[in-house]
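These are my notebook entries on a protein model. I set down, entry by entry, what I looked up.

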Amino acid sequence: MKITILETSDMHGFVLPTNFTERNMNLPFSMAKARSKMDERTLLAQSKGNIILKIENGDLLQGSALAYYLAKKSKSGVHDLVEVTNASGYQVGLLGNHEFNYGLNYLQSYVDQAAYPILAANVLNASGSPAFGPEYKIIETQGIKIAIIGFLTQYIPHWEQPATIKNLTFQSVVTTAKKILPQLHELADVVVVAYHGGFERDLNTGEPTEALTGENEGYQLLKECGHWIDAFVTGHQHREIAQHVLGVPVVQPGYRGAFVGEIELELDEDKKVIHSTAQIHETGAMEPSKEVVSIISDISKETEDWLDTPMGQVSGEMQIKNPMLARVSEHPYIEFINKVQMEASGAKISGTALFNNEARGFGQVITMRSILTNYIYPNTLAVLRLTGADLKAALERTAEHLERDEQGDIIFSPRFVTPKPEYYNYDMYEGIDYTIDLTQPIGHRIVALTFEGYTITAQEQLDVVVNQYRAVGGGNYDMFDASKIVKEITVDMTELIAEYLKKHPVIEATVNHNFKIIH
């Protein structure tokens, strides 16, 4: 007897093969293409008589312009997106960290409409029970009992506003697993662990690959609980993984539906796993599922029309042609975002990031499309009251993301590109003047730091506006935390940008080159 497990993860609302930078795209990803690949793999598995499990592993509700439109503008809300997943035959789903971005009511609407249980065994409500559904699901078929348990990264409180997750407790995955897996191992013949989280250590050597904050606990989970686990499907890091780790088959299928993960388990007559394989399948060459296209086509067209709404104009050049250059030499788009944050908050100092390498900046006409495809997160803002020492420490942290290559040129540090690109954690500031010297060791790279013409001292207090994710310490900015927040702007940045453009319908593409990098 064989079991085929198919997994999608981190699809981020990319239902059709587009990143929305223009109309009528056919990019090598999407939920529609992933569905076609799952259908293909399902038919193959059925032809061999295999038991088939399908798992949706979280981070479904946020990330694309369509996802934003559904959450913020559509009367039907999450319904169309859930219709797509309901039609795909998943037996279980998970929550991802980005499921919380549009608030608990929106998240709960997804949970209520899903035709499959949403598993989050380590997320507890005020009474200590799982907050969104059962801890696990046991499927009994062909005389085999298969248990699937779901976990979510415990790091949510470091990213979300406290009000969003009030009365929720996020436990360590390892701690929760040790309580439940022994029991599950007795109840079922096969135990599958689905985790919206990833790996904190090298999969082969066990050496740490990131700060051991608890955001990712996959390696520790397998090390301490692997003897109870027959298959492990993961996500969150957007990595492409298909291998055995500490003897357990593991998959992680990238993001946006670019891959489908597959684990096959072979059982003996005693219902014990005697062999397993792990693979991931590219979806780019697949035709989008006709059923998915049919479900989403009306709301997709509505979204595309809305995205083309003109919002403002640019005087000058604000397009991003080289993302790396935009990070090391101030770009008009980055200065613009900082200006929006400063006006919305009243703070004189602002920090922001260029979130990925797909951002194109603004053309002469700014549309909702260009706003949403550049500023891809539904961030709100917070003003932190920092000491000069805090601000310098934050700049030292951001400077860690850059280094020199063998030719002495500035590059984004490979340790922040692999295993997961972290471009969103490199901040650029406005309202201060600073110099980063990459010839100096990490922690000693800020060699000049002034505000309004004078050198900032360690003790003085300064108000700085950043997004909420950063304000609570997201990205390992330990010098920031919620206790230092003195003001919150609860309107998300997309709307703040739109409001700014109403007041300033023509914006000047300017840079004041307030930071420089020595290399």
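**Entry 1: helix α9**

I worked from a predicted model. I began by listing the buried residues of α9: Pro 332, Tyr 333, Ile 334, Glu 335, Phe 336, Ile 337, Asn 338, Val 340, Gln 341, Met 342 and Ser 345. Eleven of the 14 residues of this helix are buried, so α9 is largely enclosed by the rest of the structure. I then looked up its length. Helix α9 covers residues 332-345 and reaches 20 Å from its first C-alpha to its last, close to the 20 Å expected at 1.5 Å a residue. Just after α9, I noted that Gly 346 takes a positive phi of about 80°.

**Entry 2: the nonpolar cores**

I next asked which residues touch the most other members of the largest nonpolar core. They are Leu 95, Phe 100, Tyr 110, Phe 336, Tyr 429 and Ile 432, in a core of 120 residues. Helix α7 supplies the largest share of this core, six residues. I recorded a general point beside this: in soluble globular proteins, nonpolar side chains tend to be buried together.

Leaving aside residues up to four places away in sequence, Phe 336 touches Met 318, Phe 362, Ile 497, Tyr 500, Leu 501 and Ile 507. I also found a second, separate core of 27 residues, which includes Ile 149, Val 173, Phe 199 and Leu 203.

**Entry 3: the five-stranded sheet**

I turned to an open sheet of five strands, and wrote down its order as β23-β17-β27-β20-β28, with mixed pairing. Its edge strands are β23 and β28 (485-489), each of which pairs on one side only. From one strand to the next, the twist averages 25°.

Strand β20 (residues 381-387) and strand β27 (residues 461-467) run antiparallel and are joined by seven bridges. Leu 386 stands opposite Leu 462 in β27. I noted also that α11 lies across β17 (349-353), β20, β23 and β27, and that α11 runs at about 115° to β20.

**Entry 4: strands β24, β25 and β26**

I followed the pairing of three further strands. Strand β24 (residues 433-437) pairs with strand β25 (residues 446-451) in the antiparallel sense, over four bridges. Strand β25 in turn pairs with strand β26 (residues 454-455), again in the antiparallel sense, over two bridges.

Which residues stand opposite Thr 450? Asp 433 stands opposite Thr 450 in β25, and in β26 the bridge partner of Thr 450 is Thr 455. The hairpin of β25 and β26 has two residues between the strands, and Glu 452 takes a positive phi near 55° there.

**Entry 5: salt bridges**

I found 25 salt bridges in the structure, and looked up three of them in detail. As a general point, side chains of opposite charge can pair when their charged atoms come close.

Asp 305 forms a salt bridge with Lys 301, with the closest N and O atoms 3.0 Å apart. Why are Asp 305 and Lys 301 separated by about one helical turn? The reason is that they are four residues apart in helix α7 (residues 290-307). Asp 305 is partly exposed, with a relative accessible area of 37%, whereas Lys 301 counts as exposed at 52%.

Glu 396 and Lys 392 meet in a salt bridge of 3.2 Å, N to O. This pair is also separated by about one helical turn, because Glu 396 and Lys 392 are four residues apart in helix α11 (residues 388-399). Glu 396 counts as buried because its relative accessibility is 7%, and the cut-off for buried is under 20%. Lys 392 counts as partly exposed at 33%.

Arg 415 counts as partly exposed, at 44% relative accessibility.

Lastly, I recorded that salt bridges with shared partners join Arg 23, Lys 301, Glu 304, Asp 305, Asp 308 and Arg 369 into one network.

Notes:
Residues are numbered from 1 along each chain as its sequence is written. This is a predicted model: local features need pLDDT of at least 70, side-chain atom pairs count only at pLDDT 80 or more; totals for chains, interfaces and linings use all residues. Side-chain values use heavy atoms; hydrogens and water are left out. Two strands pair if DSSP finds at least two bridges between them. A salt bridge is a side-chain nitrogen of Lys or Arg within 4 Å of a carboxyl oxygen of Asp or Glu. Buried means under 20% relative accessible area, exposed over 50%, partly exposed in between (1.4 Å probe, protein chains only). A nonpolar core is a set of buried Ala, Val, Leu, Ile, Met, Phe, Trp, Tyr and Cys residues joined through side-chain atoms within 4.5 Å. Contact means heavy atoms within 4.5 Å. The expected span of a helix is 1.5 Å times one less than its number of residues. Axes are lines fitted to C-alpha atoms, for helices over the stretch in contact, and angles run from 0 to 180 degrees between N-to-C directions.
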